[in-house]
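This briefing covers salt bridges, strand pairing and helix packing. Please keep the sequence and the model open while reading.

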Amino acid sequence: PQDVQAEAFDWPAELFARRVWHIARPVPEPAALDRAAALVRAAKKPLLVAGGGVHYSEAYDALRTFAEATGIPVADTQAGKGALLWDHPQAVGGVGSTGSPVANALAREADVVIGVGTRWSDFTTASRTAFANPGVRFVNLNVAAFDAGKHAGVSVVADARAGLEALVDAVEGYRVDDADLAAYTEHRERWTRVVDGAYHLGHTPLPAQTEVLGALDDVLDPRDVVVQAAGSLPGDLQMLWRARDQKAYHVEYASSCMGYEIAGALGVKMAAPDREVFALVGDGSYLMLASEIVTAVSEGIKLTLVIVQNHGFSSIGSLSESLGSQRFGTSYRYRDPATGQLDGDTLPIDLAANVQSLGADVIRVGTIAEFREAIATARASDRTTAIHIETDPLAPVPSSESWWDVPVSEVSALDSTREARKTYEHAKASQRPLLGPASGRDDR
């Protein structure tokens with residue numbers, strides 16, 4: 001407060017002595033570890049889900065050692081992406097509503113699911129439909145007891161790194177069946193070809209958003225960081241992006257925080273000035289918060305902004321259509337005075353001009369080839385630079401083969417909405433019940 005800042009005080013020098021904050025790494029309680037190990041050893045179709053706790057605990061080596069020793073496939077959450085790099089033989093991609101078909105197929109069949117450092121969010125569990133095996137059991141390794149107890153799982157309250165190191169010893173000799181390993185490896189290879197196709201779609205007249213991601217995937221260095229938070233981009237990124245470095249993927253999707261991208265990228269660059277930072281932002285999210293461009297320019301903090309302009313809210317438009325509502329009100333258009341509908345001409349919104357007015361450099365591109373050249377130009381610059389590209393919001397995206405619980409109106413005059421309601425009720429019936437920690441007490 002201003003009134004306090006003007007006052008002087010004679011602080012003792014000891015107050016400013018160097019102090020080291022020691023981060024605790026709690027180890028698993030032996031009986032809990034035994035229970036978890038017994039469940040894993042009995043598993044026929046196990047799956048490990050790596051969450052953000054793997055990053056927080058720097059458990060990368062422990063996770064890789066566990067996966068290689070057991071052959072258990074490793075899926076990841078949005079926060080856990082990169083914990084096991086994409087090209088590792090046991091890495092099967094994101095799981096849940098915006099995950100890969102590989103991980104989601106394994107999730108449907110899994111009889112034991114090992115969650116490491118995950119909160120089991122709605123997206124991760126595909127609104128509690130991802131893990132469909134009637135007899136599925138969970139092992140939850142988490143530093144937070146609340147999250148370790150979810151889905152009536154075997155609770156192992158411990159640091160992720162210390163817990164994985166103990167668990168790999170406790171299940172020594174266990175390994176998944178060779179046929180299952182070969183099956184998910186073959187599925188993974190098929191999915192890689194699907195991603196390659198999405199990355200190089202050749203969509204016209206405007207490119208697809210997946211092609212923008214493909215160009216970035218082709219030309220970014222492994223240590224470059226992509227930052228994203230809301231809209232259709234984080235879903236496409238979790239499904240398609242190939243993380244080549246543990247810190248290269250910074251996507252905030254837990255709260256779907258529109259406007260986070262540019263401000264978040266500024267923080268990432270300050271934390272890691274030796275890395276190139278790319279903020280991927282859609283037009284809707286850009287309009288929420290772009291003011292930190294001014295901060296980046298004034299402080300000489302170099303960012304590269306990729307503005308994907310599709311003249312509306314692409315993710316909400318797609319969701320609206322899937323729920324039978326025809327993308328109502330999700331494109332930037334004038335209202336027709338005769339009909340009252342937002343179906344007039346496209347609004348003359350120029351985000352590139354807006355960026356330029358805030359002091360950053362701007363490169364407008366119209367094709368993927370031009371976009372690749374612009375990335376090289378932006379990388380060579382020492383100034384914050386925005387690359388502006390228009391994409392087709394209706395371009396196809398591969399399916400995650402999953403579901404998300406977004407209710408549909410029970411009563412509607414629209415045939416499309418009534419059909420969507422039937423689909424919703426069918427999917428809703430497959431949800432697992434909400435379960436807390438298992439009841440009962442065992443003091444052995």
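In which sense do strand 7 and strand 9 pair, and over how many bridges? Strand 7 and strand 9 (residues 277–282) pair in the parallel sense, over three bridges. The model is predicted, so local features need pLDDT of at least 70 and side-chain atom pairs count only at pLDDT 80 or more, while totals for chains, interfaces and linings use all residues. Residues are numbered from 1 along each chain as its sequence is written, and side-chain values use heavy atoms, with hydrogens and water left out.

**Strand 7 and its neighbours**

- Helices (H or I, at least four residues) and strands (E, at least two) are DSSP runs numbered from the N terminus, and two strands pair if DSSP finds at least two bridges between them.
- Strand 7 also pairs with strand 8 (residues 249–251), in the parallel sense and over three bridges.
- Val-227 has a bridge partner in each neighbour: Ala-279 in strand 9 and His-250 in strand 8.
- Val-225 and Val-227 point one way from strand 7, Val-226 and Gln-228 the other way, and all are buried (under 20% relative accessible area; exposed is over 50%, partly exposed in between; 1.4 Å probe, protein chains only).
- Strand 7, helix 10 (residues 232–240) and strand 8 form a right-handed β-α-β unit; with the strands pointing away from the viewer, the path from the first strand over the helix to the second runs clockwise.

- Strands of a sheet pair through backbone hydrogen bonds, either parallel or antiparallel.
- An open sheet of six strands has the order 3-2-1-4-5-6, and its pairing is parallel.
- Strand 3 (91–94) and strand 6 (154–157) are at the edges with a single partner strand each, so one side of each has no neighbour in the sheet.
- From one strand to the next, the twist averages 20°.
- Strand 5 (residues 137–142) runs parallel to strand 6 and is joined to it by four bridges; in strand 6, Ser-155 is the bridge partner of Asn-140.

**Helix packing**

- Helix 4 (residues 60–70) packs against helix 7 (residues 160–170) at an angle of about 25°, with the axes 9 Å apart.
- That angle makes the two helices roughly parallel (under 35 degrees; over 145 is roughly antiparallel, 65 to 115 roughly perpendicular, the rest oblique).
- Axes are lines fitted to C-alpha atoms, for helices over the stretch in contact, with angles from 0 to 180 degrees between N-to-C directions.
- The crossing of helix 4 and helix 7 is left-handed, meaning that the near helix is turned anticlockwise from the far one by less than a right angle.

**Salt bridges**

- The structure holds 21 salt bridges (a side-chain nitrogen of Lys or Arg within 4 Å of a carboxyl oxygen of Asp or Glu).
- Asp-221 and Arg-379 form one at 3.5 Å, N to O.
- This pair links distant parts of the chain, 158 residues apart: Asp-221 is in the loop between helix 9 (209–219) and strand 7 (225–228), and Arg-379 is in helix 16 (residues 368–380).
- Asp-221 is partly exposed at 43% relative accessible area, and Arg-379 is partly exposed at 24%.
- Asp-405 and Lys-428 meet in a salt bridge at 2.7 Å, N to O.
- Asp-405 lies in the loop between strand 12 and helix 17 (415–428) and Lys-428 in helix 17, so the pair ties together parts 23 residues apart in sequence.
- Asp-405 counts as buried at 18% relative accessibility, whereas Lys-428 is partly exposed at 36%.
- Salt bridges with shared partners join Asp-221, Asp-224 and Arg-379 into one network.
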